[in-house]
Amino acid sequence: MNRSAERTPDTAATAVAVGAVLLTSTTFSAVLTDWRWFPAATLTAIAVAGTGAAARMTRARSWAVPVQLVVLVVMLTALFGQNAALGVLPGPTTIDRLWGLLGTAVGVVRTGVPPVPADSAMQCLVALGLGLVTFLVDRIVVAYRAPAVAGLVLLCMLAVPASLADLLLPWWTFLGSAVGFAALLLLGRRTGNVRRTTYTSAVAPALLPVTVVSTAAVIALLAGTAFTGVGTQGRIPGTDQESRGTGTGEIGLRPFTSLRGQLSRDDVVELFRVEGLPRDAYLRAMTLRRFDPDRGWKLDGLSRGVAMDGRLPMPAGAERSGTDTTRVRIDPVGYRDAWLPMFGIPVEVSEIGAGWRYDPASGTAFTRENPNTDSYTELVAFPEPSEQDLRRASGEGTVSPAYSSTAGISSRVRELARRITSEQHNRFDKAVALNRHFTDPSNGFTYDLRTAPPSSENALTDFLFRGKRGYCEQFASAMAVLLRSVGIPSRVAVGFTSGEREGNQRVITTEDAHAWVEAFFPGQGWITFDPTPLSDDRASTPSYLESEDRRQTGGDESATSGTEPETGPSDGAATTRPDESGAPSPVTRNDRTSLGPWLLPPAVVLLLVAGATAPALIRNARRRSRLSRVAAGAPEATRLAWRELLDEFTDRGTAPAPSESPRGTSERLIRQYDLDEDSARAVRRLTAEIERALYAPQGGGGVSTTELATAVEGLRRSRPLTRKERMLPRSVISGRGGR
């Protein structure tokens with residue numbers, strides 16, 4: 001056979017494989033802020049694939065695998081290493097540098113919120129990942145001739161950004177991935193003097209199950225990504241709502257847990273219209289009481305609650321007597337979720353559907369049933385304790401000790417809290433001092449839609465001591481931790497500011513989503529503090545803090561450090577859903593602080609499974625393709641049958657010698673495996689036919705699948721394959737198997 005004729009299709013297949021990997025890699029644009037990663041990843045992928053192509057064009061085919069892996073290390077060294085010998089040979093210092101970059105990148109994946117900056121660490125991680133993917137795809141497509149199987153590897157790569165991204169991946173990245181995979185399946189025909197076959201024909205029988213599995217996985221990824229927005233209708237587990245199709249797209253609430261990340265800004269959506277609100281007040285949806293140093297604040301301890309069909313019980317520590325009430329009408333025009341937002345202390349809520357329950361300890365209303373709710377009316381109390389009342393509040397109170405837990409809070413953070421409050425001698429003044437620590441511009445804290453880059457494994461200490469930049473989630477989380485550090489029970493509340501006035505109504509949108517702090521005062525209940533310096537007059541300053549606010553601003557109400565209105569908690573934290581007992585329990589959904597470590601192991605496992613099963617899939621695809629063409633009486637049926645018989649012997653460790661004639665090979669193998677009379681006769685008939693095909697002017701007369709089946713069955717009885725030989729067939733691994 002003309003060797004150059006063989007090389008041309010291989011080179012084209014290599015180019016197509018690299019193109020498919022790079023087209024699929026465009027999905028990473030959804031989780032990285034810029035494209036600085038792409039040139040390095042492209043160079044690495046081309047170098048790995050080009051090395052394999054060059055090795056296959058020479059006599060060093062068996063060295064292709066180790067050489068490709070060495071080139072991958074060399075590329076990482078040249079692009080990201082330091083103090084490398086000759087610029088490309090890694091030494092101990094270079095290895096430490098690369099290991100450090102990868103460790104930093106893994107830390108960003110574990111704690112960051114996409115999109116994250118494409119710095120050197122992330123570039124190194126992506127280049128390494130794409131280099132390994134290119135190596136696998138190149139081996140499967142070119143060496144093993146199974147482009148359809150390579151789709152499993154590409155699907156694993158696609159799953160990473162699809163699962164990490166807050167929103168649906170850009171349409172053009174899906175199109176690019178589809179084009180790349182289609183190109184693999186449509187590789188041109190490979191021609192030669194002796195045989196004419198195609199890449200796709202060898203995998204056609206296996207294409208259907210692979211396509212079905214791949215399509216199902218893509219649909220699952222798309223569905224999971226499409227419905228991880230800011231809470232869509234129909235996400236309550238254990239209810240019929242799960243099977244009612246997609247949601248309406250109306251906006252709900254995602255409680256946060258992260259102390260690090262970026263605040264994503266989507267289109268502004270109107271959520272509520274409120275009538276009868278007598279003053280600015282926060283609209284609370286839920287409160288979070290458990291602090292996890294790695295994952296932030298979580299919903300915890302929510303009771304089954306009471307049915308919301310009458311007067312509601314008073315929260316612990318609050319006094320209803322002497323507190324005026326007012327009726328507020330709330331119209332959730334664009335909000336649908338399992339949490340019913342309420343102002344102040346709810347006394348009674350009417351005109352809501354059945355199934356809603358109220359937990360007075362957390363001040364949270366929730367449902368496990370259909371969260372569809374039209375306008376509802378809340379009879380609400382707005383307690384206004386004075387500064388003197390709060391200063392006199394003392395004692396342990398009646399709240400759960402869980403609200404005072406300091407587990408996971410570092411000694412450095414506790415010392416900061418004690419230093420800030422060292423000159424204060426009552427609970428209220430300590431809380432005010434901690435609040436002022438964040439709002440006083442001289443302390444260097446800045447409201448921003450992006451947190452500072454991480455400098456350690458602890459996001460809380462990063463925010464408090466280094467970055468000092470963030471949005472409501474960081475400010476509220478940090479102050480609640482500091483309150484507990486000085487013995488004040490605290491929790492983080494999640495909901496909305498009071499929005500903007502429009503006639504006799506208030507309009508609350510997604511830009512009003514907010515988080516603040518509530519501290520417990522015996523005899524007064526939960527008191528609101530907001531350490532986030534909001535702009536556009538969106539903050540609600542209670543009367544007991546008005547004098548403090550005037551002292552900080554010098555009477556100028558516009559003196560805030562906010563730069564833009566807030567879009568609310570959107571770092572994809574643990575979404576909480578009602579459990580079977582009726583009370584919501586935390587379920588991680590779109591949690592960027594924990595999704596990375598949970599996602600990466602399955603992705604690695606999928607890659608390993610794909611790599612481990614690929615040889616067996618390829619061997620099975622070859623067998624089915626050959627048998628189908630032999631049965632159809634294809635012109636090359638004799639050669640296909642002979643090739644299949646030789647591969648059966650090769651799988652058992654007995655490859656034919658290049659110098660042997662077909663007859664010499666068959667007689668040697670009949671004796672070696674002690675084939676029975678029928679099987680030996682079938683082998684000799686196949687040998688006679690291949691000799692006619694090779695040497696006779698008119699070729700052979702053809703073979704039947706019966707003869708091939710008889711020969712193979714006899715061989716399997718005489719020498720069954722071991723499990724390892726079935727999983728790693730030598731005819732595929734060695735590259736000796738043909739079409």
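These entries cover confidence, a surface patch and one glutamate.

**Ground rules.** I am working from a predicted model, where local features need pLDDT of at least 70, side-chain atom pairs count only at pLDDT 80 or more, and totals for chains, interfaces and linings use all residues. Residues are numbered from 1 along each chain as its sequence is written, and side-chain values use heavy atoms, with hydrogens and water left out.

**Confidence.** I checked pLDDT (the predictor's confidence in each residue, from 0 to 100). The protein chain has a mean of 74, and 71% of its residues reach 70 or more. Residues 188-254 stay under 50, and the model has 144 contacts (heavy atoms within 4.5 Å) for them beyond four places in sequence. Residues 256-265 are below 50 too, with 67 contacts beyond near neighbours in sequence.

**Nonpolar patch.** I found about 640 Å² of nonpolar surface patch, made by L23, W35, W171, W172, L175 and V179. Areas come from the Shrake-Rupley method with a 1.4 Å probe, and for residues only the protein chains shown count as cover. Helix α7 (residues 171-185) gives the largest share, four residues. Helices here are DSSP runs (H or I, at least four residues), numbered from the N terminus.

**W35.** I placed W35 in the loop between α1 (3-25) and α2 (37-56). Its relative accessible area is 40%, so W35 counts as partly exposed (buried is under 20%, exposed over 50%, partly exposed in between).

**E707.** Buried or exposed, I wondered about E707? E707 is buried, because its relative accessible area is 16%. I found E707 in helix α19 (residues 705-718). Leaving aside neighbours within four places in sequence, E707 contacts A682, R685 and L686.

Definitions and conventions
Helices (H or I, at least four residues) and strands (E, at least two) are DSSP runs, numbered from the N terminus. Buried means under 20% relative accessible area, exposed over 50%, partly exposed in between (1.4 Å probe, protein chains only). Patches are made of residues with over 30% relative accessible area and no salt bridge: like charges are joined within 9 Å, nonpolar side chains (Val, Leu, Ile, Met, Phe, Trp, Tyr) within 5 Å. A salt bridge is a side-chain nitrogen of Lys or Arg within 4 Å of a carboxyl oxygen of Asp or Glu.
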